[in-house]
Amino acid sequence: MNNLTASYKKSFIEAVILANKELYTYINKNLSLNDYEYTNITGFGGDNSLKIDLIAENIFIKHLEKFGNIYSEECGLLNTKKEFTIVIDPLDGSNNFYSKLPYYGTSIALQKNGITLAGFVTNLISAIIKYRAFDDEIKHLSLIKNENFIPISTNKTKISVFERAYEYPEICHKLSKNNIKFRSLGAVALSLGDADNYDFVLYCGKIREFDIAASLYICQDLYIYKTDKSLLISKNKQKFDLIKEFIKEV
């Protein structure tokens with residue numbers, strides 16, 4: 001952190017905002033049917049890339065490559081021998097986007113030697129960036145108004161989120177038996193980044209840095225349990241301990 005000047009920090013935050021703003025504008029003003037087509041390119045994350053995945057990735061590379069190496073879900077590592085690395089999921093929830101399900105966004109994390117220094121998760125439907133940068137507090141920025149704001153919070157919730165629930169029927173059964181209501185929303189970074197709005201967010205399956213790096217940094221003040229195959233984040237200690245028991249066999 002000592003090598004990060006105030007100018008670098010400010011410029012990096014501004015660049016992330018500009019990149020998300022450009023992508024948000026593209027989706028809302030310039031999107032075409034071609035952007036929904038699958039390419040013959042298999043992304044580094046293992047999925048076939050949509051054209052919009054590649055468009056989004058190129059936008060982020062354009063704005064951010066001067067700040068560090070790029071490690072993206074689509075292209076993998078673009079190593080330019082820089083001190084910092086930027087971990088990018090250029091379109092979190094691609095299948096939601098493809099199906100016109102309005103829950104998708106982006107995830108950006110700045111790292112040095114594997115340690116995250118800043119995390120940004122953007123909901124491209126609400127046009128809100130939720131971020132924590134360089135040990136500062138969590139902030140919210142509206143891409144429409146281009147300003148930070150303080151969201152209304154009641155600290156109350158009736159649901160939790162279990163991403164990839166369809167692959168884990170035994171855990172679903174345990175949740176149901178305990179009268180725990182949950183949803184599976186289909187955009188891992190968005191769900192994890194908003195863990196403070198739910199009783200808990202649980203993700204089971206292959207843990208990828210693109211999905212979790214930014215959200216873990218944002219949610220560092222919450223209860224976190226992570227293994228190679230599961231990630232649980234919660235503000236509720238009682239629920240955290242209960243769900244942790246449910247997933248020990250995953």
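Analyst: Start with one pair of residues. Gln111 has Thr116 in β7 as its bridge partner. Keep in mind that this model is predicted.

User: How many bridges join β6 to strand β7, and how do the two run?

Analyst: Strands of a sheet pair through backbone hydrogen bonds, either parallel or antiparallel. Here β6 and β7 (residues 115-123) run antiparallel, joined by 8 bridges. The two form a hairpin with 2 residues between them. In that turn, Asn113 has a positive phi of about 55°.

User: Which residue in β6 is the bridge partner of Val87?

Analyst: Ala109. Strand β5 (residues 85-92) pairs with β6 in the antiparallel sense, over 6 bridges.

User: Why is β6 described as largely enclosed?

Analyst: Count its buried residues. For β6 (residues 105-112), 8 of the 8 are buried, so the rest of the structure largely encloses this strand. Then check each face. Gly105, Ser107, Ala109 and Gln111 are buried on one side. Thr106, Ile108, Leu110 and Lys112 are buried on the other.

User: Is Thr39 buried or exposed?

Analyst: Compare its relative accessibility with the cut-off. Buried means under 20%. Thr39 has 15%, so Thr39 counts as buried. This residue lies in strand β1 (residues 38-42). Leaving aside residues up to four places away in sequence, Thr39 touches Asn48, Ser49, Leu50, Lys51 and Leu54.

User: Which residues have the most contacts inside the largest nonpolar core?

Analyst: In soluble globular proteins, nonpolar side chains tend to be buried together. The largest nonpolar core in this model has 41 residues, and Phe12, Leu64, Ile86, Ile108, Phe120 and Phe134 have the most contacts inside it. At least two residues of this core come from each of α1 (6-30), α2 (51-64), β5, β6, β7 and β8 (128-133). The most come from α1, with 11 residues. Another core, of 22 residues, lies apart from this one; Val87, Val188, Leu192 and Ile218 are among its members.

User: What does Phe120 touch?

Analyst: Again, skip residues up to four places away in sequence. The contacts of Phe120 include Phe12, Ile13, Val16, Ile108, Tyr131 and Ile218.

User: Which strands form the open sheet, and in what order?

Analyst: The order is β12-β11-β13-β15-β14, with mixed pairing among the 5 strands. The edge strands, β12 (182-183) and β14 (223-226), each pair on one side only. Strand β11 (residues 160-163) runs parallel to β12, joined by 2 bridges. Within that pair, Val161 stands opposite Arg183.

Key:
Residues are numbered from 1 along each chain as its sequence is written. This is a predicted model: local features need pLDDT of at least 70, side-chain atom pairs count only at pLDDT 80 or more; totals for chains, interfaces and linings use all residues. Side-chain values use heavy atoms; hydrogens and water are left out. Two strands pair if DSSP finds at least two bridges between them. Helices (H or I, at least four residues) and strands (E, at least two) are DSSP runs, numbered from the N terminus. Buried means under 20% relative accessible area, exposed over 50%, partly exposed in between (1.4 Å probe, protein chains only). Contact means heavy atoms within 4.5 Å. A nonpolar core is a set of buried Ala, Val, Leu, Ile, Met, Phe, Trp, Tyr and Cys residues joined through side-chain atoms within 4.5 Å.
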